[in-house]
Amino acid sequence: MSNELRVLTEPDWKAWLDALEWAFGGLHDAPEEQQLWRDLLDFDRSFGLWDGDRPVGTFGTLAMEVTVPGGAALPAAGVTTVSVAATHRRRGVLRSMMRRALDTYRESGEPLAILTASEPAIYGRFGFGAATQSLAADIEIHRVGLDLPAGADDIALSVAEPAAAAGRCEELYARLARTRPGMFPRQPGWERLPLLDPPQDRAGASEQRYVLAERDGELAGYARYALKPEWEAAGAKGTVIVRDLEAADPAAYGALLRYLSGIDLMSTLSLGNRPVDDAFLHMVSDVRRARTRVQDRLYLRPMDVGAALSGRTYATDVDVVLDVSDASCPWNEGRWRLSGGPKGAVCEPTSDAADLALPVAALGAAYLGGTSLAALATAGRVEELRPGALARAATAFTSPLAPWMPHGF
């Protein structure tokens with residue numbers, strides 16, 4: 001076998017994409033989806049591993065940003081479209097592609113790398129930790145009441161076609177993306193993502209629509225949804241599938257939730273990817289009838305420990321020395337002094353004695369404030385070396401709002 005790892009080029013695109021889609025079960029994206037990812041991919045930092053004239057491994061990179069505690073948006077390398085052909089498993093294909101990518105990300109200067117994993121077990125060994133979770137719910141809308149916040153009755157609602165509403169909704173999303181850690185301030189080109197709605201991906205649901213929530217003519221929220229009608233002997237039992245729900249304030253959120261829960265012939269409101277502290281949890285009368293479930297979402301690894309920890313703020317004042325282990329990025333290995341608080345921070349290499357010891361994946365998991373350093377310590381992922389240091393650091397790393405990535409990539 002003669003393997004060659006090379007940068008993705010335009011002439012290789014079709015064969016590379018075919019290899020990727022075959023590895024994911026032989027399914028083919030619609031042409032508009034293929035074109036979007038072709039336009040968004042950073043070809044200079046995307047790779048294929050070729051066995052002769054055939055790609056047997058794919059690895060893509062997106063130039064992204066991610067909101068961190070304090071509201072800053074830090075550059076992040078988005079790892080995507082990763083696959084290895086079934087004929088070439090356990091031969092180091094992924095490791096060789098990841099090695100090349102991590103070196104490239106260091107050269108590019110991004111302090112973070114992020115991904116959403118189709119197989120979570122793969123990425124921990126490369127230093128990625130589960131930094132956010134997502135909440136899904138299937139709300140039995142005929143058995144659940146809503147306690148809405150004040151002002152919900154003052155919100156004007158209207159249904160709009162996606163193409164007509166997308167621009168205003170994208171402007172609102174851009175404002176909201178800086179308010180919660182883990183969100184992705186979408187750069188040019190990404191505004192096409194919410195408009196993708198190929199019939200082959202609807203699984204029996206309708207085409208998508210937007211409902212807009214306005215106050216005095218100003219957009220205060222929106223939802224992107226589809227309807228999936230079903231019938232049984234007793235009558236209709238359809239589902240409202242909510243693909244996106246954003247609101248600038250509680251009243252707009254409540255008005256949208258009431259609208260989505262009140263569509264005729266529907267019995268279930270399905271929310272697929274929400275923050276784990278989402279507002280609906282406190283508006284429904286019976287959360288058990290919401291049938292909630294939680295799973296991992298965004299995986300994160302610091303590419304530059306100093307820049308990553310200096311780039312966010314902290315809930316309380318903190319002065320801690322972290323002894324970081326990082327087999328994949330040895331430049332992160334060693335002791336780092338983090339000093340800062342709510343107004344900013346500095347993190348630099350130090351020779352001082354360490355207060356906490358942890359692998360870089362644990363640091364990635366705690367970075368956005370959604371996973372507690374203290375909880376990681378109970379699993380043996382963080383070691384306290386100075387009494388009291390763990391509680392203070394864990395408190396400082398917290399975020400008032402749970403981190404959340406609103407869509408995959």
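**Rings and a loop glycine: a quick tour**

Okay, let's start with Phe 47: at 1% relative accessibility, this residue counts as buried, where buried means under 20% relative accessible area, exposed over 50% and partly exposed in between, with a 1.4 Å probe and protein chains only. Before I go on, this is a predicted model, so local features need pLDDT of at least 70 and side-chain atom pairs count only at pLDDT 80 or more, while totals for chains, interfaces and linings use all residues. Residues are numbered from 1 along each chain as its sequence is written, and side-chain values use heavy atoms, with hydrogens and water left out.

So, how many aromatic pairs does a search of the whole structure find? The search finds 9. Rings of Phe, Tyr and Trp (its six-membered ring) pair if their centres lie within 6.5 Å; planes under 30 degrees apart count as stacked, over 60 as edge-to-face and the rest as tilted.

One of them is Phe 47 with Phe 59, a tilted pair at 6.4 Å centre to centre and 50° between the planes. Phe 47 is in strand β2 (residues 47-51) and Phe 59 in strand β3 (residues 54-67), so the pair ties together parts 12 residues apart in sequence. Strands here are DSSP runs of E, at least two residues, and helices are runs of H or I, at least four, numbered from the N terminus. Phe 59 counts as buried too, at 0% relative accessibility.

Elsewhere, ring pairs link Trp 13, Trp 16 and Phe 43 into a cluster.

Last stop, Gly 109: it sits in the loop between α3 (93-108) and β5 (112-116), and it is exposed, at 51% relative accessible area.
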